[in-house]
Amino acid sequence: MIDIALIREKPDWVKAQIGKLNDPAALERIDRILEIDKQRRTLIGEGETLQAARNKLNKAYGMLRGSKQIDERMKAAIAAAATIAIEARDFELANGYMSGATIPADVTAGEKPLETLLEAMGRMGAWVEGINEQLKTVDAAFDEEMLWVPNLPHESVPVAENDSFNIPGTVEGLIPEFDFTPKPHWEIAAALDIIDFERGIKLAGSRGYILKGLGAQLQRALITLFLENAREHGFTELYVPNFVREESMFGSGQFPKFRDAVYFDADADVYMLPTAEVAITNMHRDEILDETQLPLYYAAQTPCLRRERMSAGRDVRGIKRVHQFEKVELYKFTSPETSYAELESLVEAASAVIRKLGLPFRRLEIVTGDLGFSATKKYDLEIFAAGSGEWLEVSSCSNTEDFQARRANIKYRPDEGKRTRFVHTLNGSGLATPRVMIAILENYQQADGRVIVPEALRPYMGGLEVIG
RNA sequence: GGAGAGGUCGCAUAGUGGUCUAGUGCGCUCGCUUGGAAAGCGAGUAUGGCGAAAGCCAUCGCGGGUUCGAAUCCCGCUCUCUCCGCCA
């Protein structure tokens, strides 16, 4: 979530920022939010005035009841209560909640102070309830709108309409050249009998696949390499639940917008992780961290389960776009001051492992129109796959600033000053396995159909140098 | 899945309808005291919302209900613990 105070104080600036995202529906929400926020604050003001008055009367009543005598302290409290009650009554009359209401200026003056008070309090209770009912409706509308507002782009992000304008950096590593026609990975894998697509589909339906023999071993080796790389860069390895409850999906920004992208067990009321980012973000939900704990670096390998409904029919061959894959996620909780420097080092940590594999890759600077829902700034890492001639996205590294921290209520207490602040959170893939496997199969393929195992993986594959 | 016990401020506890504006202890911070420290004494020590501010409002796991008034009574949910059952 973004800060309502920001929307309230600089609505035009916020709208300009959202305008860069090429998301007209989000833009419309801002005006609705401003309107609802106004109603909301009016109701809160009215409700609290009445509530304060009622509390005073209740207090006075309690004092009268609890003691036979009225001492100075009680008199003072009752006088205060009566004063506020009068204010509330005037307020009430002005707002037309009730006509002809009467609350005596001095409730203790009459012969039956207890009865007089009781009657006044009963009336006020109804007023407060009326306002709270309205407030509940307005609050619900407010929360709903706020949950749908995307994060605002950082000023350094290039403004452009869509992903075709993303800015590629220089290519690192050598793009392989072949003296034969290179094959796509699904043909290589089928020939080597390391991926079984047909039986995968038999088990799980469309886009199912089974990694077999050295294919499965290759993935396991990659996961180990990724986790070792994460450890070398200071990340603490985690093993996390692969499913979460609904509130966690809101915390990381998946819900409400991407509800139909995740698998759901209705019986157990839990949602399968589309990425470990969800689990790690929510690990510190509703916590106040000490500044000395920051930054926190975490890494976790999990399956990523995605329904990919919208893309049925796209990228149907091979394992480029599948419902289930393994990924090592890199995640940081940082102070606001350091988050952009931390984003750069996060991308470096992910890049390092691609270098180890000797694969040609480039960094893509993501433009505003392709930022997505939660990021203020994002880099993708793409590996070139020489068989299909495509650049494959294997990592996406984002700073969300305090967007997720607000949703998940994750704060820290600065060393100086006691006011708590929201942390900044960053996430990045380090890396996702299927597309890295595609790149290895296609870039390291030989004329005879065999595939060289990258040196960095050999220690994790019993020294194996060649598949096939 | 069944039975039971619980969830109160950072921790530990008190609190069975109204002077609860949630007390006390520990911890922590500041001050006094001291040559210095400890002890002792005093003050402070949750989060959020509204407000220019004073201040007010909310929160005793969450949500409903009863009541003029709920930490307290009732209902639902949730989490933790103990025992039973099942289980890699």
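Two residues are taken to be in contact if their C-beta atoms, placed from the backbone, lie within 7 Å. The structure is a predicted model, in which local features need pLDDT of at least 70, side-chain atom pairs count only at pLDDT 80 or more, and totals for chains, interfaces and linings use all residues. Residues are numbered from 1 along each chain as its sequence is written.

Helices (H or I, at least four residues) and strands (E, at least two) are DSSP runs, numbered from the N terminus. Leu218, Gln219, Leu222 and Ile223 in α8 meet Thr433, Val436 and Met437 in α13. The axes of α8 (residues 214-232) and α13 (residues 433-443) come within 10 Å and cross at roughly 115°. Axes are lines fitted to C-alpha atoms, for helices over the stretch in contact, and angles run from 0 to 180 degrees between N-to-C directions.

Val436 also belongs to the largest nonpolar core, which has 84 residues. Such a core is a set of buried Ala, Val, Leu, Ile, Met, Phe, Trp, Tyr and Cys residues joined through C-beta atoms within 7 Å. A buried residue has 20 or more other C-beta atoms within 10 Å of its own; exposed means 12 or fewer, and partly exposed lies in between. Ala350, Ile383 and Val436 have the most contacts inside the core. Helix α11 (residues 339-357) supplies its largest share, eight residues. A second, separate core of eight residues includes Leu50, Ala53, Met124 and Trp127.

Strands β8, β14 and β15 form an open sheet in the order β8-β14-β15, with mixed pairing. Strands pair if DSSP finds at least two bridges between them. Strand β14 (residues 410-413) and β15 are antiparallel over two bridges. Lys411 stands opposite Phe422 in β15.

Terms used
Chains are lettered from A and ligands numbered from 1 in the order in which they are written.
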